[in-house]
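Work through the exercises below with the sequence and the 3D view open. Try each task before reading its solution.

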Amino acid sequence: MSIALQTSLFDAAPEVALGSLSAGLTRQELGRGAWVDVFAGWMTGVDALFDTLLGSVDWMEERRQMYERVVLVPRLLRFYGEGEMLPDPALTRARDALNTHYESELGEPFRTAGMCLYRDGRDSVAWHGDTIGRGKSTDTIVAIVSLGSARNFLLRPRGGGVTIKHHVGHGDLLVMGGSCQRTWEHAVPKTARPVGPRISIQFRPRGVR
């Protein structure tokens, strides 16, 4: 993988550290039973983690049917299922911390980790909700850790309404909860700005995609 991140622009702490979720999260009520928690800089010392994931994860291209043709998904993917070892112990510690904090609200642990690599501003994800499985009919929580270059993360109500923008960067945490997956949509749009690579790690409970 020849993609490179200018790590000198980010933190240079020697190892990954996690902030206090009970003290650092800010919740935004979206309406219709949906909410978003945000913690800027939740993970620090993540330059080496980014490099590890960029170089060691077996990133895969995915093709999807789009009307009458098959197209490449504009980002690289890797999904870690239940019981599959995550590619770095820092991610296991992050998942454990999220489980401890959200256990009472979620009622179950995060069990899977989806990962996306946005190589540059041309990579994106279109408007959608994580509604494959239980997210289509029940409340759930999806926790996203962002590493690398900052990108806009957009949210809008299903059926139309005001778009909310979060600029998520290196080590930031964004958590979507309640009815968010079925009453709201989210996206990471393309950008013409010169941006470097970004890795998104999405922790989900069983049966939510």
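**Exercise 1.** Find which residues have the most contacts inside the largest nonpolar core.

*Solution.* Start with the term: a nonpolar core is a set of buried Ala, Val, Leu, Ile, Met, Phe, Trp, Tyr and Cys residues joined through side-chain atoms within 4.5 Å. Buried means under 20% relative accessible area, with a 1.4 Å probe and protein chains only. The largest such core has 36 residues. Leu173, Ile199 and Ile201 have the most contacts inside it.

Next, look at the suppliers. S3, H2, S7, H3, S8, S10, S13 and S15 each give at least two residues to this core. H3 gives the most, six residues. Helices (H or I, at least four residues) and strands (E, at least two) are DSSP runs, numbered from the N terminus.

The model is predicted: local features need pLDDT of at least 70, side-chain atom pairs count only at pLDDT 80 or more, and totals for chains, interfaces and linings use all residues. Residues are numbered from 1 along each chain as its sequence is written, and side-chain values use heavy atoms, without hydrogens and water.

**Exercise 2.** List contacts of leucine 173, leaving aside neighbours within four places in sequence.

*Solution.* Contact means heavy atoms within 4.5 Å. The partners of leucine 173 include Leu21, Leu25, Phe39, Trp42, Leu98 and Ile144.

**Exercise 3.** Give the strand order of the open sheet of seven strands.

*Solution.* Two strands pair if DSSP finds at least two bridges between them. The order is S2-S3-S13-S10-S15-S8-S7, with antiparallel pairing. Strands S2 (26–31) and S7 (76–80) are the edges, each pairing on one side only.

Conventions: Buried < 20%, exposed > 50% of the residue type's maximum accessible area, 1.4 Å probe, protein only.
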